[in-house]
Amino acid sequence: MKKWLVAALLFTCGFCDLSVKAHELPKRPEYVIVTSYRVSNDAEWMDVIEALKKKHKGAEVCYYKESPREVLPNLRWYYPRYVAFIEKPEQIGRDFIVDLNRMSREIDDDIYADYLWGVITGYDAKAALRLVNSTEQPKVLKNALSTVSSFGDGLWFERFAYISDSRPGICGEREKGEAKIKEETVTDSIDNRIFRDMVDKAEKEGKKLNLPKDFSVKKPNLLKRFCDFYAKYDPDLIVTAAHATEKNLEMPYSAGNIMCKDGKLYADFPDGPKDLVESGKTRVYLPIGNCLIGNVNKTNNSMAIAFMNSANLGMFIGYVVETWYGRNGWGGLCYFMNNPGRYTIPEAFYLNQQDMLFQLREMAPDFLRKPYPYKEGNMHLEQEYTEVAKAYGKGKMPIDVFGFYHDRDVLALYGDPAWDVRLMEQANPNDYEVKCKVKNEECVITVKTGPNYSEKRLEGSDFRSQHVGDLPFSYFFPKRLRNPRLAEGQNWKAAVDENFLLVYKPNFEPNKEYTIILRTDPAR
């Protein structure tokens, strides 16, 4: 290779650590780390980069000055399956996350995300390093705590506790070996300090508050139940829904708050703050029904950072805007819960996002690549709707179009996107097996259904939630394929790309075998 060509290659990949020899092109790794010079120039944060490189053998590192978008040409060259972005919290905000979502779809010309990605960050470098090191081994989620009623008896877990978001004051728990959850009605009460402060301030200023009829600063003491369950069940998985911001997490029905200070979580009891009891266990947090809590907001004094730091999270997925529609979060959770043990958390949420893109193309293809008009600050949904409806330009805009468009780019995943973290395997509740065989330019996917197969279960009847319709048959390829597409004569309604296959309304029946044939490009 001529010297000028080597120089040109190194200039093209100038932000990357390639270490190429003069006679060979760099290998294309499955895992790429993207980080900033501000991180690499900090000795403590450089340890985080080195730890992630050590964890993923063969991973390459790309550097940027101001924005991750600077390394997009390098990502197109490497074509990785996983990308981890390492950055300090002071640089991570809503727009940062939105752009990472968009970038993931800009590697090639199709509409789908071309890699799974996550953000590695922390209260400080030590916390970020712990996040990397604590996820070296696979994890099975056995114990859970939830403020979401959709889990029912929580039979996905060995031990389970919940606070209802559909019946005020109801909570319950189920120990290992028990089939039903034991519920109780909470009778003791607590002051909601945020509401109390709001009322006290209005009274001092002589203002009249327009409060709902059922408003009261006195609420069932669900905050105590949450803290008690947290200590007793030591959950591997926490799932929440209710009001939240970057600074607080409310219990259902505004019955008390979890808050943060200096990278630590505490329960905001009227008689003083109380730290949550931590065991040091690595946890996963999915606040899929909470507004804003996934927004680091360019500060290490945010709920996202505090949960990662104080609760020793290995993974956190949350919204960086207000969530009113919720398909991105709830849909990812539905894919995860309806396929127990089949997908890791990053894979489940990735599949849901590709499903959303496929459906958005059918409903409003012009919105696939158009940036959503997010306004500065919060509570601008009406203004955003007016602008989007005008751009839609086809009469009255369906709410699903607005919802899918709004949710497309606003979910953040903090953690290693290649971490093997999943539910316990069940007794094959969907009752089907999938085998994949690739030879030359053909990929044969065989689906074999058992006697208890149910199309309704495949579509998600075991776990339903907000704005999530029937799920398709889904499959995450064991290895990435080269430009896969349905072979001639295959009539499935399908979404397919290098990482996945979705088949809509497959109409599988029990005790049968189905073959889906894909063509791929030849190896180069």
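Q: Which residue forms a salt bridge with Lys375?
A: In this predicted model, Glu387 is the partner of Lys375, and their closest N and O atoms are 2.5 Å apart. The pair links distant parts of the chain, with Glu387 in helix α12 (residues 381-392) and Lys375 in the loop between α11 and α12, 12 residues apart.

Q: Is Glu387 buried, exposed or partly exposed?
A: Glu387 is partly exposed, because its relative accessible area is 37%.

Q: Why can such side chains pair at all?
A: Side chains of opposite charge can pair when their charged atoms come close.

Q: How many salt bridges does a search of the whole structure find?
A: The search finds 38 salt bridges. One of them joins Glu87 to Arg38, with 2.8 Å between the closest N and O atoms. Glu87 sits in the loop between β3 (82-86) and α5 (94-103), and Arg38 sits in helix α2 (residues 37-40), so this pair ties together parts that are 49 residues apart in sequence.

Q: What about the accessibility of Glu87 and Arg38?
A: Glu87 is buried, with a relative accessible area of 0%. Arg38 is partly exposed, with a relative accessible area of 24%.

Q: Which residue does Asp153 meet in a salt bridge?
A: The side chain of Asp153 meets that of Lys180, at 3.6 Å from N to O. Asp153 belongs to the loop between β6 (143-146) and β7 (159-163), and Lys180 to the loop between β8 (170-174) and β9 (182-185), so the pair ties together parts that are 27 residues apart in sequence. Lys180 counts as exposed, at 59% relative accessibility.

Q: Which residues are linked in a network of salt bridges?
A: Such a network links Lys139, Asp234, Asp236, Glu278, Lys281 and Arg283.

Q: Changing topic: how many cavities of 30 Å³ or more are there?
A: A search of the whole structure finds four cavities of that size.

Q: What lines the largest cavity?
A: Its lining has 13 residues, and Trp117, Phe349, Tyr350, Gln353 and Leu413 lie nearest the centre. At least two lining residues come from each of β4 (116-120), α11 and β19 (411-415). The largest share, four residues, is supplied by α11. By class, the lining of the largest cavity has 11 nonpolar residues, two polar and no charged.

Q: And which residues lie nearest the centre of the second largest cavity?
A: They are Asn101, Arg105, Gln353, Leu357 and Arg408, from a lining of 13 residues. Here α11 gives the largest share of the lining, five residues. The lining of the second largest cavity divides into six nonpolar, five polar and two charged residues.

Q: Now Asn257: where is this residue found, and is it buried or exposed?
A: Asn257 is in strand β14 (residues 257-261). Asn257 counts as buried because its relative accessibility is 2%. A polar contact of 2.7 Å joins its side chain to that of Asn248. Beyond its neighbours within four places in sequence, Asn257 is in contact with several residues, including Asn192, Leu223, Tyr266 and Asp268.

Q: Where is Gly341 found?
A: Gly341 is in the loop between α10 (327-337) and α11 (345-363). At 12% relative accessibility, Gly341 counts as buried. Not counting residues up to four places away in sequence, Gly341 touches Arg422, Leu423, Met424 and Glu425.

Q: What separates the C-alpha atoms of Gly341 and Val199?
A: A separation of 48 Å lies between these C-alpha atoms, and Gly341 and Val199 are 142 residues apart along the chain.

How values were computed:
Residues are numbered from 1 along each chain as its sequence is written. This is a predicted model: local features need pLDDT of at least 70, side-chain atom pairs count only at pLDDT 80 or more; totals for chains, interfaces and linings use all residues. Side-chain values use heavy atoms; hydrogens and water are left out. Buried means under 20% relative accessible area, exposed over 50%, partly exposed in between (1.4 Å probe, protein chains only). A polar contact is a pair of N or O atoms within 3.5 Å; within protein, one must be able to donate a hydrogen and the other to accept it, and residues adjacent in sequence count only if both atoms are side-chain atoms. Contact means heavy atoms within 4.5 Å. On a 1 Å grid over the protein atoms alone, a cavity is a set of points where a 1.4 Å probe fits but cannot get out, and a pocket is an open set with protein on both sides within 12 Å along at least five of seven lines; lining residues have an atom within 4 Å of a point. Grid points are joined across faces, edges and corners, and a volume is the space filled by probe spheres set on the points. Ala, Val, Leu, Ile, Met, Phe, Trp, Tyr, Cys and Pro count as nonpolar, Asp, Glu, Lys and Arg as charged, and the others, Gly among them, as polar. A salt bridge is a side-chain nitrogen of Lys or Arg within 4 Å of a carboxyl oxygen of Asp or Glu.
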